[in-house]
2 protein chains.
Amino acid sequence: MIMSNRVTVEILNIGDELLLGIRTNSHLTYLGKQLSLLGLKIDHCQVVPDKEDSIKAAFAIATERSDIVITTGGLGPTEDDLTRESLAKLLGKKLIYNEAVFDSIKDRFLKLGRKVSEIHKKQCYQIEGSEILKNERGTAPGLLIKQDACTIILLPGPTHELIPMFEKQVLPYAKNNFCAQADHTYVQLRTCGIGESSVEDLVSPIVKQCGFAEIAFCVHLGIVDVRLSLADKTKNLDQLNQVADACRLALGDNFVGYGDISLSQVIFQKLREHQKTLAVAESCTGGLLGNAFTDIPGASKVFQGGVICYANEVKISQVSVPEEIIDQHGAVSGECAIAMASGVAENLSSDYGLSITGFAGPEGGNKENPVGTIHIGFHSSFGIWAKSVRYLGGRMDVKARAVNAALDWMRRLLIRQEQTDINGYTI
Amino acid sequence: MIMSNRVTVEILNIGDELLLGIRTNSHLTYLGKQLSLLGLKIDHCQVVPDKEDSIKAAFAIATERSDIVITTGGLGPTEDDLTRESLAKLLGKKLIYNEAVFDSIKDRFLKLGRKVSEIHKKQCYQIEGSEILKNERGTAPGLLIKQDACTIILLPGPTHELIPMFEKQVLPYAKNNFCAQADHTYVQLRTCGIGESSVEDLVSPIVKQCGFAEIAFCVHLGIVDVRLSLADKTKNLDQLNQVADACRLALGDNFVGYGDISLSQVIFQKLREHQKTLAVAESCTGGLLGNAFTDIPGASKVFQGGVICYANEVKISQVSVPEEIIDQHGAVSGECAIAMASGVAENLSSDYGLSITGFAGPEGGNKENPVGTIHIGFHSSFGIWAKSVRYLGGRMDVKARAVNAALDWMRRLLIRQEQTDINGYTI
């Protein structure tokens, strides 16, 4: 069924926990990203409580207006898992017990040294006429059902079960059945250090002039993403890439990279290229800066480690901050930030040192350095600097923004160094 | 308008980025939690792209079936911000320019040393008959409009703008207008260390027997939350708390705490009570363990700091792991974990040391310790232990689960120590 018209996709995320604020709907994010890589776009999303009536009503709307309906959640063994049952009732189809599913659950539990309980039999029923999607990581199988022109795919809620099921079974199916050409139809430019309206001022004129691209912006913690997509299907990705490249030039150093590349990845790549190493010292961010580097597979090639010097004694003993600096300038100061960056680079034998110290709040701070004040220190063979920034917002927010500010600053300093190197003024 | 029947609430989250997988819908989580504290429940949520037709269609459905409709996003200055415009068209109302809004944007920019641009005028239009909700943290004001029986509230997309607007303006309004009694109508029990079906086996019989509570489960990274809510409005919160307490006893040490308390908060409280301090040493989790403690305001009373000993040399130099241990057992071993925990406790002068070393993947690992293997070490005055766990899943997932496993294990060891203390066998 290769379709010439655009395929419409709808997601139903089922679960009280999503509406009660217990859990964030990361499934929508995951599916949105995966499907857009196939050139498919989610047109609608409904988040639905664990109630038969609500689930049936959402299915009725979705199967009527969409070509593909993907649900997440409500396939588990407990009583509030009602997706399978509600859809069967809506379609007027029977639920049929599948012994093979029960056997595979028994097998799985045996390996884990657990006993299967009666409660798991609930997961062994499949809707008449449906196909089973195997669950490698849990007990609840997924289901795929065709109903008139609509394909309905039921996926389990736990992320570690959903992802392999989607990637190994649903993705190949979607590619074969719904994608005339499995093309990337968008280009994303990531920027940091300037506001959304400034980014728009720089790139919008370029995009408008080309006349065949759509533009969307997304702001998160100091980062502004610009997504360009093809509005005119007679144009191709190469042409879109040319527009993106013009935008990149207009953005200058504010351009971080294409796609989802993180600030820490950009730094990682630059240091890797020059075979340099990095260590971090952090106070108020308490591990979040180090975490940004260790999220990168193979980080150990560049990242030596770090010190979370939360207590002042730890700043003195572990990253060799002179006691006088803390006495004279305070632990939240540019002087202390520089001492931390240099100390950690020296003690952990790394080429670069990056540090953060500040007041994340809600308490602490003083007249000179109110809550939200962050000092960042940078140590390198070409110089030692400190910089300060200030953020409003809650503790978590300040921590996350401080990490992005430190990373973006180091990224810019490395670019400046590269430019100096090219011009022959290596320090 | 104090309503006797249940008030129905609907959320419209507007923004392509939510459907393209660029951003996770954290607004729904935030609003769900805030509203449920008021005793209000979200009945529907639609996530909608930045298209006039889609926004209008979603508004049409929502205003028809819901008493309160809250939107997030699409109020910004850029061209893809269409919420205000689309709603005005649907309702057949004019957009009226409000000079005072422009003046406040100019003021704000002046303070920040920026110049206001023409593009911001777009945000100064309000729908005829609407009230302005002031934006303390950004440029786009919110709007509140009554249309027949429905109250429509438009909130901006950026989280740091939305939260203060919601808490200072929308929350008091909702309390006064929609909540006959602003009661907490649920109790949440957080558990860790056992699976969802085991939790259900323990608590469901108790909840069923009481006959007036509803139960919902939510699983995230090794944690299972149980939410009990009142199904019978003639019963009160005290009676629900009695049921929750019976569940707590049935859960034993698997019970972490009530509400949203984190594993690190439980440890923090216990150590604070006994005036003890903690330091952490972490390899593969790279800062995430330290971060769990520094997310707690006032963490410095307990948390000394930590060492991210990613490179083996850092394990040796900073947390005094004997070289022979790495040579003989490897850096990913129980022996190394114990040495890290003891070394960091000693070097950072803390009473307790907690450590994590492992292979987070996707590469690394060996026959004995395949990818996903995590060793946790614990150092205390009453003993030194190591424990190993193994997780399937991606790098981020393994890191997050390893942190939860280490925290939960320390929590249980502290409980065991307290029980020993009570029984008079203090070590």
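The model is predicted.

The contact draws 76 residues from chain A and 75 residues from chain B. On the side of chain A that touches chain B, the leading contributor is helix H2 of chain A, residues 26–37. Helix H2 supplies seven residues to that side. By residue class, the side of chain A that touches chain B holds 32 nonpolar, 27 polar and 17 charged residues.

Val307(A) is placed opposite Val307(B) in S14(B). Gly306(A), in turn, faces Ile308(B) in S14(B).

This pairing is part of an open sheet of ten strands. The strand order is S17(A)-S16(A)-S15(A)-S13(A)-S14(A)-S14(B)-S13(B)-S15(B)-S16(B)-S17(B), and the pairing is mixed. Strand S17 (383–390) of chain A and strand S17 (383–390) of chain B stand at the edges. Each has a single partner strand, so one side of each lacks a neighbour in the sheet. Direction ignored, neighbouring strands of this sheet are turned by 10° against each other on average.

Helix H13 of chain B (residues 334–347) lies across S13 (278–282), S14, S15 (352–358), S16 (373–380) and S17 of chain B. Helix H13 runs at about 145° to S15(B).

Chain B also contains parallel pairings around strand S1 (residues 8–14). Strand S1 of chain B is mostly covered, with six of its seven residues buried. S1(B) pairs in the parallel sense with strand S2 of chain B (residues 41–48), over seven bridges. Within S2(B), Gln46(B) is the bridge partner of Leu12(B). S1(B) also pairs in the parallel sense with strand S3 of chain B (residues 68–72), over five bridges. Here Val9(B) stands opposite Ile68(B) in S3(B).

At the level of domains, the assignment for chain A gives domain 1 (8–178), domain 2 (186–258) and domain 3 (263–422). Between domain 1 of chain A and domain 2 of chain A, the C-alpha centres lie 35 Å apart.

Notes:
Residues numbered from 1 in each chain as written. Chains lettered and ligands numbered in written order. Predicted model: local features only at pLDDT ≥ 70, side-chain atom pairs only at ≥ 80, totals over all residues. Contact = placed C-beta atoms within 7 Å. Helix = DSSP H or I, 4+ residues; strand = E, 2+ residues; numbered from the N terminus. Nonpolar A, V, L, I, M, F, W, Y, C, P; charged D, E, K, R; others polar. Pairing = 2+ DSSP bridges. Axes fitted to C-alpha atoms, helices over the stretch in contact; angles between N-to-C directions. Domains from an automatic or database assignment. Buried ≥ 20, exposed ≤ 12 C-beta atoms within 10 Å, placed from the backbone.
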